[in-house]
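The sequence and structure come first.

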Amino acid sequence: MDKTNINNFEDRFYKMQYAERGTANFDVRHEVLLSCLGNVAGDEVLEIGCGNGVFAKKVVAKFQLKKIYGIDISEEAIKSACENGVNGTCLNLDRNNLPYQDNCFDTVICGEVIEHLVDPDHLLEEVYRVLKVNGHLLITTPNLASWYNRLLLLFGYQPLFTGISIRYSYSKPFLVNSCGHLCSYTLASLKFLLERYNFRIIKSIGLKINESVGYGIKYRWLVKLANTIFKSPSLNSGICILARKVNC
């Protein structure tokens, strides 16, 4: 597949992803992220991968912000985000830099984005550049070492949310596809990467399986039980880290 076809695939794929996630219920996870952010947001906030702007709107309400900035790869998402009060820009971080000056944001929120990028290093370089000294990064990503992925690997199956191809999904024992995920992280590996880019880890928490979408609905009784049993961030379905920019 040449570069043009890859770019066309990206555009089609993320339009489809936005259409699917636009109707999903993430209220519980949003509350967890707001709690993790605490009271450090400051006045200038950027959300990378802002989607339709629903979470950004909640950030504005909690911290009584005058405005919030957002970027997303989907033009449809940015249109919806702007309708929700976000100062939005359509941007592909694998092709472009963030369109902001150095040291201009107090907080950058980056939820479920880093795993989609060909070049996650570029993302972290850009986040570091636009953050003020001692500014904060709130980042989330699926956990490669979640309890269910460990079980799947034990029995020889593909971990959830890891890909084998951009055309095909491996469907045993569950429907397993990459969701466009190009990089996979454990809690330890994400901490390592953030520290390499001069972020100091403030706190990390685990994100439980969302009981309102996908497998959370289909296997609700099992998901509720698992969410009760597996409380360690290193075993949870997702990873959430709050980190602070420090001088090089």
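## Helix α9

Which elements do the buried residues of α9 pack against? In this predicted model, they pack against α6 (147-154) and α8 (215-218).

Helix α9 spans residues 220-229, and its buried residues are Val 223, Ala 226 and Asn 227. These lie on the same side of α9, because the arc they cover around the axis is only 100°. Trp 221, Thr 228 and Ile 229 are exposed and sit on the face turned away from the buried side.

## Cavity

The whole structure contains 1 cavity of 30 Å³ or more. The largest cavity holds about 80 Å³ of space. It is lined by 13 residues, of which Pro 142, Leu 144, Phe 161, His 181 and Ser 184 are the closest to its centre. The lining divides into 6 nonpolar, 6 polar and 1 charged residues.

## Aromatic pairs

There are 6 aromatic pairs in the structure. One of them joins Tyr 69 and Tyr 100 edge-to-face, at 5.8 Å centre to centre with 70° between the planes. Tyr 69 belongs to strand β2 (residues 68-72) and Tyr 100 to the loop between β3 (86-90) and β4 (105-111), so this pair ties together parts 31 residues apart in sequence. Both Tyr 69 and Tyr 100 are buried.

Tyr 69 also pairs with Phe 105; the ring centres are 5.5 Å apart and the planes stand at 75°, so this pair too is edge-to-face. Because Phe 105 lies in strand β4 and Tyr 69 in strand β2, the parts tied together are 36 residues apart in sequence. Phe 105 is buried, at 2% relative accessible area. Tyr 69, at 15% relative accessibility, counts as buried. Through these ring pairs Tyr 69, Tyr 100 and Phe 105 form a cluster.

Terms used
Residues numbered from 1 in each chain as written. Predicted model: local features only at pLDDT ≥ 70, side-chain atom pairs only at ≥ 80, totals over all residues. Heavy atoms only, no water. Buried < 20%, exposed > 50% of the residue type's maximum accessible area, 1.4 Å probe, protein only. Helix = DSSP H or I, 4+ residues; strand = E, 2+ residues; numbered from the N terminus. Arc of directions from axis to C-beta. Contact = heavy atoms within 4.5 Å. 1 Å grid on protein atoms, 1.4 Å probe; cavity = no way out; pocket = protein on both sides within 12 Å on 5 of 7 lines; lining within 4 Å. Points joined across faces, edges and corners; volume = space filled by probe spheres on them. Nonpolar A, V, L, I, M, F, W, Y, C, P; charged D, E, K, R; others polar. Phe/Tyr/Trp six-rings, centres within 6.5 Å; stacked < 30°, edge-to-face > 60°.
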